[in-house]
Amino acid sequence: MPSTLLRAGLGLALASLGTAPAVGASRFVADPYPSTYQAHPDGPVLIQNATVLTGTGQRLDHADVLLRDGRIVAVGPQLQADAGINRIDAQGKWVTPGLIDVHSHLGVYPSPGVSAHSDGNEMTAPVTANVWAEHSVWPQDPGFTAALAGGVTSMQVLPGSANLVGGRGVVLKNVPATTYQAMKFPGAPWGLKMACGENPKRVYGGKGTAPATRMGNVAGYRAAFIDAADYIARNSPKPAKRKGWFGSDKGDSAGDAGGKRDLKLDTLAGAIQGDIRVHIHCYRADEMATMLDLAKEFGFKVAAFHHGVEAYKLADRLAADGVCGALWADWWGFKMEAFDGIAENIALVDRPKNSCAIVHSDSPEGIQRLNQEAAKVMAAARRARMPDIAPEHAIAWMTANAAKALGIEGQTGTLEAGKMADVVVWNGNPFSSYALAEKVFVDGRRLYDRTAPETLPRSDFQLGQEVR
């Protein structure tokens, strides 16, 4: 909750701030660019005799998965289906939910990686909460297809990390499309990208402007959220005034006391009110602790810390606060704030209770092999003589936990009846270095089949180009 002093200064509107949307929240998160995504499922499919990792902690041997009308109908042994159904013999193969990458820049930093395609960082001010990554997404990025071949069916595309507040991220379904709106995950909340540490102070300190230090970073966040809190107060409905001795006073006839709309403050207000999920690029444990205090001061919740090479140092607090750690398997040491990284980081953040450990990529190459990144964590934990991490547990790092961080866990991330039929059939244990995604379904539509290369989607950018 905001501090007492701040609440007193801003009035009644801030007294009810928390993680739930407040009255009038729709003013700040209305979407003038809504999703036009349409599922186009194939006919019913029965995947048979597989080792199934449901994403809920279960491993089912010799089990089936039934897909119909773009949804999962049932998971279990010897499922019954109509005689004419498309049957896939998955004997010796493994089946998992579609993988989800919570930190991608596909489409905003697409391939080819040329300056004309560099649309991820709006480095014109330290706080650019007014920009939305979706307005930079190029759907023809060949990286989307490469990610699909790695089993990735959904992803959050974020702005870059040059700024204190970089703007809104967007959750996409990994499907071929002409417009980003046709990829936009229906009903998924936006994410707000923030960054602490070296990046913003280097970018703006190098220009001779604020912030130039870590204390300047924190001052910048606080100033932005103070403005946003005041914006909420000015744009919240005021209580009707009672009739007095000298007649009726109807108050503000428009129902608010707001002024001009501000796109930057719309986003920050949406974050305070819990309608936009806050994702923070942050490496050091002390800075993550500071950001958690900042969240407490202004009444917002951190959905996940990204990169967090020192997350293991405050794993208990992350679990207690319900904050996810979206982390690399073993990237470290490429700058000072990444110096204290360890290969057991994700395994240590993955506490026995209430934790939310996630493997993410932040890379157009890494997104193609999230399963192998997870396998590296499992191996590092084994070398450290930690308890063995079972495949049925580790799969949640790229599915259920990722969906939770993005606020889409009710729709995808696990193989459960009624959820989207986002499914991957692997040629073997997905945590083997030899593992390959053989078939990838998005909403029950087979979009990738390694055994039928003629059916594979290709970006329009690639069509007509001769490969030499």
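Student: Which residues of helix H10 are buried?

Tutor: They are Leu370, Asn371, Glu373, Ala374, Ala375, Val377, Met378, Ala380 and Ala381. "Buried" means under 20% relative accessible area, against over 50% for exposed and partly exposed in between, using a 1.4 Å probe on protein chains only. Do keep in mind that this is a predicted model, in which local features need pLDDT of at least 70 and side-chain atom pairs need pLDDT 80 or more, while totals for chains, interfaces and linings use all residues. Residues are numbered from 1 along each chain as its sequence is written, and side-chain values use heavy atoms, leaving out hydrogens and water.

Student: What covers the buried residues of H10?

Tutor: The cover includes strands E6 (99-104), E7 (152-157), E13 (357-359) and E14 (423-426), together with helices H9 (345-349) and H11 (391-394). Helices (H or I, at least four residues) and strands (E, at least two) are DSSP runs numbered from the N terminus.

Student: How do you know how the reach of H10 compares with the expected span?

Tutor: The expected span is 1.5 Å times one less than the number of residues. H10 (residues 370-383) has 14 residues and reaches 20 Å from its first C-alpha to its last, close to the expected 20 Å. Just after H10, arginine 385 takes a positive phi of about 65°.

Student: Why is lysine 173 called buried?

Tutor: Its relative accessible area is 0%, so lysine 173 counts as buried. Lysine 173 sits in strand E8 (residues 165-173). Beyond residues up to four places away in sequence, lysine 173 touches Tyr37, Thr153, Ser154, Met183, Phe185, Met420, Asp422, Val442 and Asp443, where a contact means heavy atoms within 4.5 Å.

Student: What makes the pairing of lysine 173 with aspartate 443 a polar contact?

Tutor: The two side chains are joined at 3.3 Å. The term asks for a pair of N or O atoms within 3.5 Å; within protein, one must be able to donate a hydrogen and the other to accept it, and residues adjacent in sequence count only if both atoms are side-chain atoms.

Student: And why is aspartate 266 called buried?

Tutor: Aspartate 266 has a relative accessible area of 2%, so it is buried. Aspartate 266 belongs to helix H6 (residues 263-272). Leaving aside neighbours within four places in sequence, its contacts are Arg27, Phe28, Arg168, Tyr231 and Arg261.

Student: What makes arginine 71 partly exposed?

Tutor: Its relative accessible area is 32%, so arginine 71 is put in the partly exposed class. Arginine 71 lies in strand E3 (residues 71-76), and its side chain reaches the backbone oxygen of glycine 418 at 3.1 Å. Arginine 71 and leucine 415 are 344 residues apart in sequence, yet their C-alpha atoms are 9.7 Å apart.

Student: Why are H5 and H7 called roughly parallel?

Tutor: Their axes cross at roughly 20° and come within 11 Å, H5 being residues 214-234 and H7 residues 285-298. Axes are lines fitted to C-alpha atoms, for helices over the stretch in contact, with angles from 0 to 180 degrees between N-to-C directions. Angles under 35 degrees count as roughly parallel, over 145 as roughly antiparallel, 65 to 115 as roughly perpendicular and the rest as oblique. H5 and H7 are therefore roughly parallel.

Student: Is the crossing of H5 and H7 left-handed or right-handed?

Tutor: The crossing is right-handed. That label applies if the near helix is turned clockwise from the far one by less than a right angle, and left-handed if anticlockwise. On the H5 side the contact is made by Arg214, Val218, Tyr221, Arg222, Phe225 and Ile226, and on the H7 side by Glu287, Thr290, Met291, Leu294, Glu297 and Phe298.

Student: What makes histidine 62 exposed?

Tutor: Histidine 62 has a relative accessible area of 54%, so it counts as exposed. It lies in strand E2 (residues 59-68) and has a positive phi of about 55° although it is not a glycine.

Student: Why is asparagine 49 called partly exposed?

Tutor: Its relative accessibility is 33%, so asparagine 49 is partly exposed. Asparagine 49 is in strand E1 (residues 45-53), with phi near 65°.

Student: Where are cis peptide bonds found?

Tutor: One joins serine 111 and proline 112, with omega about -5°. Another runs from alanine 210 to proline 211, with omega near 0°.
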